Amino acid sequence: MKQYKGRNIFYTGKGYPSIFTGEKIRTIHSLVMEEKLGRALKKGEVVHHIDEDKENYNPDNLICFASSSDHSAFHGGCDIVFDDEGVA
């Protein structure tokens, strides 16, 4: 079985690699983004895979959007503007 930081990986219903942290189920891309930002994700923030590969949770492949509407706008062709934290 594949592992992430010593924990067994399983997949959500939407196909995202996840782990059980002892407290709750967390998607790996969310954990990686939190490490990248140096803080927990805020309510409503959405993590996007640049290459759209759910298995690629390399920090350089992830973008954090402030909201699902910002994420949808990006998919609709809007430009990305990042704040000081690196959140779009």
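**Close-up views of a predicted model**

**View 1. V81 sits in the segment after α2 (68-75).** This is a predicted model, like every view that follows. V81 is exposed, because its relative accessible area is 67% and the cut-off for exposed is over 50%. Set aside the neighbours within four places in sequence, and V81 is in contact with V87 and A88. For a sense of distance, take V81 and E45: the two are 36 residues apart in sequence, and their C-alpha atoms are 15 Å apart in space.

**View 2. The whole protein has two helices and seven strands.** Follow the chain along the sequence and the pattern reads β-β-β-β-β-α-β-β-α. The radius of gyration is 13 Å, close to the 12 Å that the globule rule gives for 88 residues, so the protein is as compact as a globular protein of that length. Along the principal axes, the C-alpha trace spans about 40 × 25 × 20 Å. Take the contacts between residues at least 6 apart in sequence: 29% of them join residues at least 24 apart.

View 3. As for what is tucked away, buried residues make up 35% of the 88 residues. On the charge side, there are 11 positive and 14 negative charges, and their mean positions lie 8 Å apart.

**View 4. E55 and K2 pair up in a salt bridge.** The closest N and O atoms of E55 and K2 are 3.1 Å apart. This pair links distant parts of the chain: E55 belongs to the loop between β6 (46-49) and β7 (62-65), while K2 belongs to the segment before β1 (3-4), 53 residues apart. How accessible is E55? E55 is partly exposed, with a relative accessible area of 35%. K2 is partly exposed too, at 48%.

**View 5. E35 forms a salt bridge with K5.** Look for the closest N and O atoms of E35 and K5, which are 2.6 Å apart. Here again distant parts of the chain are linked: E35 is in helix α1 (residues 28-37) and K5 is in the loop between β1 and β2 (7-8), 30 residues apart. E35 counts as partly exposed at 48% relative accessibility. K5 has a relative accessible area of 58%, so it counts as exposed, the cut-off being over 50%.

**View 6. The side chains of R26 and E34 meet in a salt bridge.** From N to O, the distance between R26 and E34 is 2.9 Å. Are these two residues buried or exposed? R26 is buried, because its relative accessible area of 17% is under the 20% cut-off. E34 also counts as buried, at 15% relative accessibility. A search of the whole structure finds four salt bridges, and among them are R26 with E34, E35 with K5 and E55 with K2.

Notes:
Residues are numbered from 1 along each chain as its sequence is written. This is a predicted model: local features need pLDDT of at least 70, side-chain atom pairs count only at pLDDT 80 or more; totals for chains, interfaces and linings use all residues. Side-chain values use heavy atoms; hydrogens and water are left out. Helices (H or I, at least four residues) and strands (E, at least two) are DSSP runs, numbered from the N terminus. The radius of gyration is taken over C-alpha atoms; the globule rule is 2.2 Å times the number of residues to the power 0.38. Buried means under 20% relative accessible area, exposed over 50%, partly exposed in between (1.4 Å probe, protein chains only). Contact means heavy atoms within 4.5 Å. Lys and Arg count as positive and Asp and Glu as negative; His and the chain ends are not counted. The place of a charge is taken as NZ of Lys, CZ of Arg, CG of Asp or CD of Glu.
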